[in-house]
Structure formats: C-alpha cells, structure tokens
Amino acid sequence: MKRQLPLAMVFIFGFLMIIQYFIPHEYSEWVNAFLMDWMMIIGVFALALGLWSLTRVSWDKVRQKKPNWGYSIVTLAGLFLMMFFGFDYFRHFSTAVGSDNYMYIHFYRHIVIPIQATMFSLLAFFIASAAYRAFRARSLLATLLLVAALVIMLRFNPFLGPLQPIMEEFSVWLLNVPNLAAKRAIVIGVGLGMVATALKVILGIERAYLGKD
Amino acid sequence: MNIFDRIMSFDRRWIFLSLAIVCVVTFMWPFHVPITLSNEVRSIYNRFDSLKEGDMIYLSVDYDPNALAELHPTTYVLAEMCFRKNVKVIFGTLSNLGQGMVDQVIDDITDSVMLDKTYNGVFYEGREIQNGIDYVFLGYKPYPAMVIQAMGLDFRVPFPTDYYGTPLDSIPIMKGVKNFDQCKLVMDMAAGNVAEMWITYGHGNYNVPLALAVTGVMGADMYPYLNSGQIFGLAAGLLGSAQIEKLCDNPGRAIDGMRIQLFAHILIILFIIMGNIGFFVTRRRKKMGGDVR
Amino acid sequence: MRLKLLFLSCLLLIFICTSAFTQDEAVVADSLETTAETISPAPATSLTAIDKPDDHGHGIDLSWELSADDGGGLMSVMGYMIYRATSPDGSYEARSGLLLNVTAYSDVGAMNEGENDYMPDYTDYYYKVRALTTDSAVFADSEILGPVQSFGQWFNWKRLSVLLLVAGFLFLTVYFIQKAKGGAKLFVRRLAGIEAVDEAIGRATEMGKPILYVLGLGTAADIATIASYTILSRVAKKVAEYQTGLIVPCYDPIVMAIAQETVKTSYMNAGRADAYNEDMVYFVTNQQFAYVAGVNGVMLRDRPATNIYMGKFYAESLILAETGVAAGSIQIAGTDEISQIPFFVVACDYTLIGEELYAASAYLGKEPLLLGSLKAQDYAKACLIFLAIIGFITLMFGYHGIVDFFHVAG
C-alpha cells in the first residue's frame, strides 16, 4: 500500500495533466488552477523542510565542533538575520512590506548583490582557463571547433577593420546553420527522452525516484 | 624544461591574473567600442518603439544579482523607454532575488525620468512616475512554470495583491486588465530556464508576443526559437544589452562594459594561440624524437 | 435704346449669374462639407459572429466587411466599435475600443461570476458594429446580428497534432515493451559515462574518500532531476555496499526530500539501513551561486574522490567542474541543458549528453520495460526525421498544409 498509493497518484495526476492540455473547457482550467495552487502550497511547506535540514546540519556541526564549524555559524547567522529583517521585526508576515526594511535592503544591496555578482564573474576566469585547455587543434574536428570559436569571439571586434563585416556575417551563418542544426538534433532527442521518461513515470515503469530499483 | 614545455604545463592562475589585469586596465581606459547592431535586437527595439501612449506591456525580471552585469542595462533602458513614452508596465519576477532587482530598477528609473531628456531626436519632458498609475509590481512567487500558466488565466490567480500588498482590483492600471491578452508584449530578461518556460507556457499556451534578453551563455540556445517565430526578438549577453542601449540612444553600463569584454576576448584568443603553438611544437618534437629512436 | 437696354440687361444677367455662381460655389462647397459631416457613412456589412473556437468559453469571434466609406466613397469612416446587448432591442454596451482598419474582433469576457466584465456562457448575445466618423454624432450601425451564444470546448483542435504524436509515441513504447517482455533481444550501445560510475565508486572506496552527488538546480518536476534520482539510487546502493561516504547537497527542498527517500531506500535494499544518515542529503540554499559556493566549499574541504553531476545545470556548471578539477576528483556529468554540455565536456572525465541522461535508468536496470522505451525513442526519431523531410519537400512545392498542421498555437 505504501508503494502502490504514490504510484496510483502519479498515474492519476499525470494523465489528468496530459488530458488537461487538450481540453480548453473551464472545468479543465479549474482543475489546472487547483493543482497549481497545491504545487505552490507543497512548495512552501517543503521550504520549511529545507530550512529545518539546513539548520539541523549546521547546528550539529557547531555543537560537535566538527572541522570548519565556524562556517556553519556564518550560515546560521546570515539565514536568521535576513529572515528577521525580512519579516520587518516580525510585524509584517503576510505582505512583502518586510523587504522594504532598511536593514534588509542594505544587506541585499551591499552584501548579497556584490557576493552573487562576484561568484558569477568567476565564470569568466574559469572560461578563460577552460578555453586555454580545450581549444587545441588536435584533429580536423577540433580545428573546426577552434576556428568557429575564434570567429564568434571576433565578430564584433572593431580592430579587424574591413574584415569585421565578413566575420559578422560568417558568425551569423555559424549560429544559424551548423549551430542550429546540431542543437535541433539534440533538442529533438532531449524532447523525446523527456516524453519517454514522463510516460515511464506515469505508467509506473520508472520508479527509482521512489527509491525502488 | 624549455618555453614550450612551460606553455603546456602553464599554471592556470597566470591566466586568472592576466585576465584580472586586462579587466581592471580596460575598465579605467576610456576607449569607445563601436557597437554593431543585429536584426534580432533591432526587432525588440522596433516593437518597443511602435508602442503607443497608454499601451501596456509585461516586463519579467527573471534574474538574480549574478546576471546583473549582463541584463540590468536592458531592463533599465527598456523600462525608461516605456515610462518616457507613457506606456504602462507590469513588472514581475520569477526569480527569488529578482524582487530586489525590480526594486532597484524602479527606484533608479523613477529618478531618471524626472529629468528632461532627448532620445533619438525626440524630446521628453521629465515627469513623476507613480506606482499604480504608470506601473505595477506584482512581486515574486515560486515555481515559474505554474506562475506563468496561472498568469495566463488571470494575474489575480498567482498575485491577488501586488508586491506592496495592494489588491490588484484596486490598482488603477489593472482595471480591465485580466491576463496577457491586454499586454502588447512580454519582455523576459532571464538567466536560467525561466526563458524556456516563457516560451513553453507563455507563448505555447497563451500565444503571448515574447522577446528575450538572456545571458551570453544562453544566447546560442535561443536561436531556434527565434527562427521558429516563438520569440520575436533576442538580446544575448552584454552585447545584446549594449545594442539595446545604442538603439534607445541611452548609453550606459553595457556599452561601457563592451570595452572590457573586447579586450578579455582578445586576451583569451592570445592564450588559445599560445596553447596551440606549444601543443604543435611539443607534438612535433615528440614525433621527431620517436623517429630518431 | 433697346439695344442699350438689352446690353445692360445682359451685363446685369452676367453680373448676377457671376455673383450667383460665386455664391453657389460657396454654397455648394458648404453644402458638400455639411454633407460630409452630416450624411451618415455606409455601415459595415456581412457581420458574422460565432463562438470563439478552441477556448474555455466566454468569448465570441466577430468579423465584418469594411464600410464602403472606409478608404473609399466619402472616406469618412475612421474606425469601428463593437456593441453588444442581450436582446435585439435592449441597451447596447460598447465591447471594444476604437478598432482601426480591422475586420475581426474577439469579444472575450471574464469567466467567473462577480468579476468585472463577466460574460456568462449559453446566453443570447446580439451584436452590431458601429462605423465611426470624426464627428461622434455621425456614425452608422450595421444590421443587428444574433442571437449567438458562447460556450467552452471539450477539445482544442489546434493541438490535434500534439495528441497524435503523443498517442503514436505511447503506442510505440507499449509495443516495444511488450516485444522486450516477449524475449526479443534489444541492442543498446554502451555509455562510457554510466559504466564509469561503478569504477568511480570503487576508486572512492580505495581512497577512503566520499562521493559527492550533485542533483543540479532543477525542481522535482524536471525530467532531468527525475532521471538523476535513478542514477542516485544506483550510486547510493553501491556506496552502501562498499561502505563509502556519500554527500548530496540539494538546491530545492522538495528535491531534497525525495533524494533522502531515494538514498534511504537504496541503503535498505543494500541491507545497510543502519549506515544511512539523514545528514548525507541536506538542503543548502535555493540561491544559484550561494549553492555553488556551498558545494565548492565541500569539494575543497572534504576532497571527494568522485564528483557526479546529474540533472539541470546552468551557469554554475563550469564553476563546479573546474573546482572539481582543482580538487583532483574524478568527474562524471550529465545534463539536458545544451549550453552547459560543452563546459562539462571540457572539465569532466565523462559526460552524458542530453537524452543519454534519461536513458541512464535503462542502461543501469537493463529491464525489458525500460529498454523498450529506449527503442521507442529511436523509432520516434526516425518518424520525426521522415516528417521533417516530407515537410521540407512539400514546402518546396509551395504546399503549407503539413507544416501548418504541426504548428501548435494557443
């Protein structure tokens, strides 16, 4: 029963959602809206679960003085401080007015934004080192890849003079023809794989997500 | 160990350091990079340019601070263009740190629109932008696919109130506005899979006229949707933002940033060339060594 | 004298005529203007109204022909407005703004009673189209059309092609599953990425270091995440058997809850329920780069022997994988995010590309049920290639029917 009930629910709701896509009637829309509401409600409760998990793991590290437990204190402090300011000293629970809080905005603008932007900008450095390692003309195909990459990078380079419009045109061709052809092939494969996996889940063939082989 | 062997076993931290130096130096060097315009960005501008006073659009700010450098300039310029032209804007976000992004855009643009300015030869008198009259900010709800579908039915399903807690029915510009049918277009500035959700659920289910501004990495992925007509325009990365700034005659951080990007690209190309020279020489030497033996 | 009188009379006549004519011209001009302003324009004709097709109801599609004075005739019509009433002689209310140079309009109202603009279904509606001039008092109404009712449909015909494709695919899947059950041998090529998983777990055991399993940034509704659970269950079972450590930091709380269940059951299936620890699978944050920082921290502090990335990945893919390289871990990745595949290919030892990730469960399980669906995918691909070629050829001959049939809108 413990195994059969989730499978039955997946089957029923999976087919309901497939059928719903083809029925425009308002009853069908109502079912859709009802299920969407439930997804959001479950999502909010799951967030509480996540919060509990993070707090427990971090607190355990601090309590047992596990290696690097200091980072866990920073995690917990950040988590609860932002929450505290977000609720605007626990005056506003139901609206977003809390995020107008002076401290919340300052933490957001002067800590969260720079930290996130810095993390993302690391990508530029990693791309540079990965490009250095990967773009080697080892074979004909690798050389083609290398040439394509150079063309795309140089397409808007004003130092190229009269070559620049040619580069631009060539890069547009590269993006619209070979790039698109390869991407479409992968997208079609991915699309079919998604439908196949979704059908396997709905039909109960794929059950690993329930922890079953 | 000769120079070519050194090149082949190059410590990547040298690459990081060189890139950092190039970025810092070009940031401070006032060099103007000419911006070439592409058709996919031009079509975004044309659609915005054809909007009339009183029209309504939906601007979806679906990125976190991490994509700020690439996407914020597009949001700024397009929002300012709408406010100048007296086009009503519904702001929304499907990214959980997007609320702060929208807050920042509204704060800054409100100040900017107070001043008189001329764009592309058209003079706009400064005016005050008012919440509920010129724009509404719906706020954030998790699970973007569901929120887009729910908004397609009625904005009030996922957002009974706006970000500030005012019921949508009592907001002047939302009178008679039910869903995307009343919006002339949806412009999604996205970092992540939200862009594809807009295509699948927004355009697929509700046929919304959709354009995207995405990060540079995502750009090449979105071209199939452009060719199939699922999106009418595409601005990818910093270059896309710079093109929008140029078209709107409102130069800002994107056009500035192009300078840094240009020299960073040149540096990466130099490293690639260097790596290949090292690769060929060491391979040749290995081959020759093999022959001797 | 008579001649003089005649001459004077003629002169007077000419004068009168001239002045009369001059006056007449003004009068004619005036009267023409008045005509243009006061004469009603020709109305819009051939008004039709039908229930809006393929919708949830509460909508009626109208079409008409332009007034003869719109773009021709008196050139006096500047636009149209739609009016609606619930009885032919009832009070008509405007249902549209000014419509310029159009011959069709969808009158769509609200679905729920109590909402503004509620438009109940199965109600008789009467319509007229008003041709408007610059003078708001001068207009022409078309003939009244009605009654017409709106109602919701039970099938969206615009999506017929999708239904046929899904049904066809379902048929193929069931057919091949039955065939495989019947004992038919289905060939599947080997996937190095999947085969490397066992080897990587073995390496971790030898080194006495844990395995880091990253489910990506997807939600539980993403197929890539669902496929990732399959691989996780396999990895967790092996890890339990070899008594190696497992770390699963999660981005989404729902994903975390399911991953905990998956790992727990795998440990139970391996007969090592006692070794399962709930803290193996934990929530980090649902902030993309904060999550990356958390995972990178684990990589650099715990130095896992193997990093497995399976699921949805975005800009963080290269940051994770390059940090993994720096930490000296063996890395296996799989994602359906096309733009991230090159990054994983560059930085990881093995990469599952696109659909290979979904196929992983079939490779791992080798059950006929799962292999059958793989075969169905291959045949579906062949069908799509065939359809694409047919569409291409018909388009070349100017026939758009097939392409239009597969164009799904609304």
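Me: In what order do the elements of chain A run from the N terminus on?
Reply: In this predicted model, the secondary structure of chain A comes to six helices and zero strands. Read from the N terminus, the order of the elements is therefore α-α-α-α-α-α.

Me: Why is chain A described as more spread out than a compact globule, and what is its radius of gyration?
Reply: The C-alpha trace of chain A spans about 65 × 50 × 40 Å along its principal axes. For 213 residues the globule rule gives 17 Å. The radius of gyration of chain A is well over that value, so the chain is more spread out than a compact globule; the radius is 26 Å.

Me: What percentage of the residues of chain A count as buried?
Reply: A residue counts as buried if 20 or more other C-beta atoms lie within 10 Å of its own C-beta. Chain A has 213 residues, and the share of them that count as buried is 22%.

Me: Which domains does the assignment give for chain A, and how many Å apart are the C-alpha centres of domain 1 and domain 2?
Reply: The assignment gives chain A domain 1 (1–86), domain 2 (98–134) and domain 3 (135–213). Between domain 1 of chain A and domain 2 of chain A, the C-alpha centres are separated by 25 Å.

Me: How is chain B divided, and how many Å separate the centres of its domains?
Reply: Domain 1 of chain B is made of two segments, 3–26 + 271–292, and domain 2 covers 34–251. Taken over C-alpha atoms, the centres of domain 1 of chain B and domain 2 of chain B are separated by 44 Å.

Me: Which element gives the largest share of the side of chain B that touches chain A?
Reply: The contact takes 44 residues from chain B and 40 residues from chain A. Elements of chain B that give two or more residues include α2 (12–28), α4 (68–84) and α10 (253–292). By class, the chain B side has 29 nonpolar, eleven polar and four charged residues. The largest share, ten residues, comes from α10(B).

Me: Which element gives the most to the side of chain C that touches chain A?
Reply: Here 64 residues of chain C are in contact with 52 residues of chain A. The chain C side divides into 35 nonpolar, 18 polar and eleven charged residues. With eleven residues, the element that gives the most is α5(C).

Me: Is the crossing of α4(C) and α5(C) left-handed or right-handed?
Reply: Helix α4 (residues 223–242) of chain C and helix α5 (residues 253–269) of chain C have axes that come within 8 Å and cross at roughly 35°. Among the residues that meet are Y229(C), L232(C) and A236(C) in α4(C), and I258(C), A259(C) and T262(C) in α5(C). The contact holds nine nonpolar, five polar and one charged residue. The crossing is right-handed.

Me: In chain C, what percentage of contacts between residues at least 6 apart in sequence join residues at least 24 apart?
Reply: Chain C has eleven helices and 14 strands. Of its 410 residues, 42% are buried. Among contacts between residues at least 6 apart in sequence, the share joining residues at least 24 apart is 69%.

Me: How many Å apart are the C-alpha centres of domain 2 and domain 3 of chain C?
Reply: The assignment gives chain C domain 1 (45–148), domain 2 (157–184 + 370–405) and domain 3 (192–366). For domain 2 of chain C and domain 3 of chain C, the distance between C-alpha centres is 33 Å.

Technical notes. Residues numbered from 1 in each chain as written. Chains lettered and ligands numbered in written order. Predicted model: local features only at pLDDT ≥ 70, side-chain atom pairs only at ≥ 80, totals over all residues. Domains from an automatic or database assignment. Axes fitted to C-alpha atoms, helices over the stretch in contact; angles between N-to-C directions. Helix = DSSP H or I, 4+ residues; strand = E, 2+ residues; numbered from the N terminus. Left-handed = near helix turned anticlockwise from the far one by under 90°. Contact = placed C-beta atoms within 7 Å. Nonpolar A, V, L, I, M, F, W, Y, C, P; charged D, E, K, R; others polar. Rg over C-alpha atoms; globule rule 2.2 N^0.38 Å. Buried ≥ 20, exposed ≤ 12 C-beta atoms within 10 Å, placed from the backbone.
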